[in-house]
Amino acid sequence: MQRAHGRSKIAILGGGIGSLAAAFDLTEVDPHGNLYDITIYQVGWRLGGKGAVGWTCERFPTPTFEDQQVQLEHGLHVWAGFYDNAFDLLQRCYAAHDRPPYHSYLDAFTPVNSCWVMDDETGAWEKWELDVPPNRQIPGISRLPPSSPVLWSRLLSFVTKGSQNNALRAYVGNVRGQIQLAQSAQNIEFARTARQIADGLSDYPMGIGPGQRARLRELVDFAMDNLHEEYFDSKLINAGLGLTDDMRRLAIMVNIGLALLLGMLSSKVLVKGFDSIDRWEWSQWMSGYGAWDMSLQSGLVRGFYDYVFGFDGDRRRAVAAGTSTRAFLHLLCAYKGSLFYKLNVTMGEFLFAPLYEVLVKRGVKFQFFSRVDKLHLSQDKKTIEQIDIGLQARLSDTSEPYYPLITTPDGKMKTWPDRPDYDRLDHGDQIYAKLLQDKQDLESPWNSWGIVDTIALRRDNGDFDKVILGIGLGALKSICSELCDEPTLAWGEMIANVRTCPTLATQLWVNKPATYYGWPPKNTIVTSFAEPLNTWGDNSQLIDQESWPSHSKPASLAYLVGNLLPDDQFPPPGKPDNFPVIQLQRANVQVDKWLQDELPLLWPGYQQTDLARPPYVRANVNPSDRYVQSVPGSVESRLRPDGSGVNNLYLAGDWVRVGLNAGCIEQAVLGGRAAARAITGVDMNSSYDGDRNWNDDAPLSPALAALLSNLPDLTRLALGGVGRVEARCIVDYVQATFIDQMLPPGLTLNLPKEKLEKITLPICLAFSEQRNVRPGFVPFGGINYMEFAVIFHNIYSCDTNDDYNGPFVYMPRILLNSFPPAAIGAKAYGFNKRVARISRVGDSFNIQNDEGVISARFEEASLLGKIGDFRELAIVRQILDQPVISETSEGGWISSYLDYHLDQASFQSLKGKCSIKQGGLSKTIDFVGVPGPENSEVEKGEIANRPLGFRMVTNWDLTLPMRVGEHEGLLPTPKRMHAAAITNRLMARLRGLR
């Protein structure tokens, strides 16, 4: 049903990050609310789901926290370096926020390049530090993740390097002389499978490029020449003849890596995708491919299970092999910048509060205190017809909506209280007293206050058209009972097979710093320790925000988490019950015992008198708070965001099937973005829709394969896009080292290092108005938007063996004020396009994005002319007349040709000033006009290496992209691409399209 004024009403159920991500992407496409009328219904008073924070309040204090204002969280939150979509959401939120909490979204984090797992191989707990070197990539930049073959090849590189460690090989050689070994069957199978896969790749020319084929063939050489039986025969390691801890741990890492490599090949994961092996439990699957028991029981593997709460109710391992392998490889082989990112403040401050404020500014309505009780199907079972909402409280003043935020004690940020503002609620004092007496809150489905009314939202009454369901999976059995009972839908199977578990979280305020117990002064993350609190993060950085009496401020703050066992069956929600109170009492007993028995083994010298106050213990037993697990055989039961089986119902959260299928904030953001994409039809350039592998179940005939492999080259005859641009440009000269630092791995200036430090090179800054941009086959119309680009030239590729590897144009950053062309450019061409606020008044531009501000003022310095009238514009030909190179989602390179028709373009000399404040870069450019017609302000001999300004007005053509080095004999030379562009124009003119 469409509203008469053209807006579709969307009800978003739940206020977790999946729901918020969906709302944000909907409003990115429709920032002024012309298409969608969005309302979010949320139980209680705050947003954030399992990432929510609550600050203790002065007006309605939490018992035992009367004299302290502190932050209480659901658990420990650390972002992994591969959380592209989560970082991307935060970056775009800051770009849209009037006053974001931080200048740059990256300022909310501290990079962490190492972590510890606790190993008890010797019978006593020992520290095992895992040090992972940082790289030059930036988290959240719109690059799709590497494909399965790329991840596989990166793991191969790690294993190859580790297996050739001189000390380890010397140990193995020594032991081999003292014990007898049989030839390893796994070693033989490993080499045989590798040979078959590598030789068979020619049958799939559309699925893998020459670079990946070469990496796979490296495996064959490795398996045949370097891999010996010792890496699968545990007798060598178990012999223990002079084996050091470092060597044993390196051998374990090599052994696990080899088991994963062999398992992925033998199970055809590179072809069929990770989901094809999800019916197996991860440890059992690795064991079948040579993983030692010692490896599987090591802190390395146990730590990953702790990371994903991967145990059933009897403490048995229960993580699907495909989901685990995918997540493990992305964690270790696809991180950007650093392995982990520690939060400088809680997500309540740096993420959920800014998201709330941006969405409110964009017209999204929030209905707090709205408990979603049930979804009702229409009579034909094809749509959601009614939503039952339990109203928990009414506002005492309905003239204004409920405002949920407070200010942190340090006065710097907005955040969320740990209880609502009862002064704004009817009978607020009574609600507070009742809940305080019963030790519950409004977020509990069993609280004794309950609801004051039931509201029925009906589709036929115009209350909603579409529904996005973002509530936690644990609560859906009751809410979606009609869908579960309908045999034509798959809901019953999902609820039965996709499991959840309760978690335990504890916060310790300690009078001693972490260094007192023998740990580094900051950034400590430890896992695979004693149950039930197996994971510890040092969050001492959060204390400075809190409010403590001067004499009692603690020295450190520890967060500890783990599975809450046993997993008791929870009662049906909606009726008062003391279940959460009993669970918390039991959790407190477990924590007290653990602090006494286990914590001194992690913190040598710890005594209970070291605590600044009693621990805060949280038992996450509310149905929507339960962690969504990835148990074997469950991935096929997950429903896709657009696969509810109901016409107007879309799904968001960490329980949907989007290709990651692991419980984390990245999964939830992906689910929300995919739900928004299903509604808008706009590809948001999100990652992990699948493993993007080719299919070997139906091999292609050689003739068909040859034909298909040439199709990308035949498409050179079709234009990717056309448009008209008025660009005000600055040619500036910068140190070559500056350009080199901004190039991603695989691209180079092709200059010796000593020369990089001595020379300056020209770059182009283009402030553009793009008009009538459209696909090449569309004769008229198109979209208009503003754009800013930084353009490098004379860039070379060092990632391929092609006979042409440059020079190319490379654009490290393109900013646009319109989301659809940004998404299309990033998805189809690999361009690093981002959305920003761009405004123009006359010849002055102002650009604001998450990293800062760019402004420029231009003044005319000549009459219009052609490029030949401006001798110094020869540099423009050098910069703009080269093929453009960009990075694909698989980590390879594609090239296209952007033809500006420079001989037909109009040019004008401009002068002025440009100011750039981006991240750590602060620069002012005073540029002069290019000497030309009627421009006498600058003598031609005085402009060497001085910044120049000019205007360019022209039409442009963009060819479809071609993979660099995709086909031998069909290389993307500049002449070939230029000829294709000329052919395009000629064909268009012959058809009368221009």
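Helices α2 and α21 are roughly perpendicular to each other, a class that covers angles of 65 to 115 degrees, with under 35 degrees counted as roughly parallel, over 145 as roughly antiparallel and the rest as oblique. The structure is a predicted model, in which local features need pLDDT of at least 70 and side-chain atom pairs count only at pLDDT 80 or more, while totals for chains, interfaces and linings use all residues. Residues are numbered from 1 along each chain as its sequence is written, and side-chain values use heavy atoms, with hydrogens and water left out.

The axes of α2 (residues 84–96) and α21 (residues 665–680) cross at roughly 65 degrees and come within 7 Å. Axes are lines fitted to C-alpha atoms, for helices over the stretch in contact, and angles run from 0 to 180 degrees between N-to-C directions. Helices (H or I, at least four residues) and strands (E, at least two) are DSSP runs, numbered from the N terminus.

Strand β22 (residues 616–620) is largely enclosed by the rest of the structure, because five of its five residues are buried. Buried denotes under 20% relative accessible area, exposed over 50%, and partly exposed in between (1.4 Å probe, protein chains only). In a regular strand the side chains alternate between the two faces of the sheet. In β22, Tyr616, Arg618 and Asn620 point one way, and Val617 and Ala619 the other way. Strand β18 (residues 503–510) pairs with β22 in the antiparallel sense over five bridges, pairing being assigned if DSSP finds at least two bridges between two strands. Thr506 stands opposite Val617 in β22.

A search of the whole structure gives 44 aromatic pairs. Rings of Phe, Tyr and Trp (its six-membered ring) pair if their centres lie within 6.5 Å; planes under 30 degrees apart count as stacked, over 60 as edge-to-face and the rest as tilted. The pair of Trp79 and Phe109 is tilted, because the ring centres are 4.9 Å apart and the planes stand at 45 degrees. Trp79 lies in strand β5 (residues 78–80) and Phe109 in strand β6 (residues 109–112), so this pair ties together parts that are 30 residues apart in sequence. Trp79 is buried, with a relative accessible area of 1%, and Phe109 is buried at 5%. The rings of Phe304 and Phe328 have centres 5.6 Å apart and planes at 80 degrees, so the pair is edge-to-face. Phe304 belongs to helix α12 (residues 299–307) and Phe328 to helix α13 (residues 321–333), 24 residues apart. Both Phe304 and Phe328 are buried.
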